[in-house]
Amino acid sequence: MIRIGIDTGAAVGSAVGREHQAYNLWGDAVWTAEVMAESGSKGDIHVSESAYRRLPPGYHFKLRGRYYLPTVGEITTYILTGHL
């Protein structure tokens with residue numbers, strides 16, 4: 001089962017490798033999404049409050065709760081439960 005975390009914000013990326021290029025992304029948004037995914041339940045899509053506010057109407061969420069991230073502060077997160 002997969003775990004997904006979604007956040008919005010600045011991110012920096014670059015190509016890695018010569019023959020088989022991959023892309024490396026980093027930044028607060030990437031780190032926050034990674035932490036949400038790692039701490040969440042399998043099969044769930046965890047969304048930060050900033051991503052929650054940017055998604056269009058028609059998506060259904062349930063409040064996951066608030067928790068503290070050392071470099072970001074306290075955030076509210078949601079679980080995406082469906083779409084109309």
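Two strands are taken as paired if DSSP finds at least two bridges between them. Helices (H or I, at least four residues) and strands (E, at least two) are DSSP runs, numbered from the N terminus. The views below show a predicted model, in which local features need pLDDT of at least 70, side-chain atom pairs count only at pLDDT 80 or more, and totals for chains, interfaces and linings use all residues. Residues are numbered from 1 along each chain as its sequence is written, and side-chain values use heavy atoms, with hydrogens and water left out.

**View 1. Overall arrangement of the chain.** Two helices and six strands make up the secondary structure of the chain, and their order from the N terminus is β-β-β-α-β-α-β-β. A box of roughly 45 × 30 × 25 Å along the principal axes is filled by the C-alpha atoms. Of the 84 residues, 24% count as buried (buried means under 20% relative accessible area, exposed over 50%, partly exposed in between, with a 1.4 Å probe and protein chains only). The accessible surface comes to about 5,900 Å², and carbon and sulfur atoms hold 54% of this area, as computed by the Shrake-Rupley method with a 1.4 Å probe. Among contacts (heavy atoms within 4.5 Å) with a separation of 6 or more, 53% are between residues 24 or more positions apart. The side chains include 8 positive and 8 negative ones, the centres of the two sets lying 4 Å apart. Here Lys and Arg count as positive and Asp and Glu as negative, while His and the chain ends are not counted; each charge is placed at NZ of Lys, CZ of Arg, CG of Asp or CD of Glu.

**View 2. Strand E4 and its pairing with E1 and E6.** Strand E1 (residues 4-6) runs parallel to strand E4 (residues 45-48), and three bridges join the two. Within this pair, Ile-4 is opposite Ile-45 of E4. E4 also pairs with E6, in the antiparallel sense, over four bridges. Ile-45 has Leu-80 of E6 as its bridge partner, and Val-47 has Tyr-78 of E6.

**View 3. The hairpin of E5 and E6.** Three residues lie between E5 and E6, which form a hairpin. Strand E5 (residues 59-69) pairs with E6 in the antiparallel sense over 10 bridges.

View 4. Thr-76 counts as buried because its relative accessibility is 8%; Thr-77 counts as buried because its value is 0%. The side chain of Thr-76 makes a polar contact of 2.4 Å with the side chain of Arg-66. A polar contact is a pair of N or O atoms within 3.5 Å; within protein, one must be able to donate a hydrogen and the other to accept it, and residues adjacent in sequence count only if both atoms are side-chain atoms. Beyond its neighbours within four places in sequence, Thr-76 is in contact with Val-47, Ser-48, Glu-49, Leu-63, Gly-65 and Arg-66. With residues up to four places away likewise set aside, Thr-77 touches Met-36, Val-47, Leu-63, Arg-64, Gly-65 and Tyr-67. The C-alpha atoms of Thr-77 and Arg-66 are separated by 6.2 Å, the two residues being 11 apart along the chain.

**View 5. Ala-10 in the loop between E1 and E2.** Ala-10 is placed in the loop between E1 and strand E2 (12-16). Ala-10 is exposed because its relative accessible area is 66%. Its contacts, leaving aside neighbours within four places in sequence, are Gly-27, Asp-28 and Ala-29. Gly-27 is 17 residues from Ala-10 in sequence and 6.5 Å from it in space, C-alpha to C-alpha.

**View 6. Gln-21 in the loop between E2 and E3.** Gln-21 is found in the loop between E2 and strand E3 (22-26). At 46% relative accessibility, this residue counts as partly exposed. Not counting residues up to four places away in sequence, Gln-21 touches Ala-15 and Val-16. Gln-21 and Gly-82 are 61 residues apart in sequence, and their C-alpha atoms are 34 Å apart in space.
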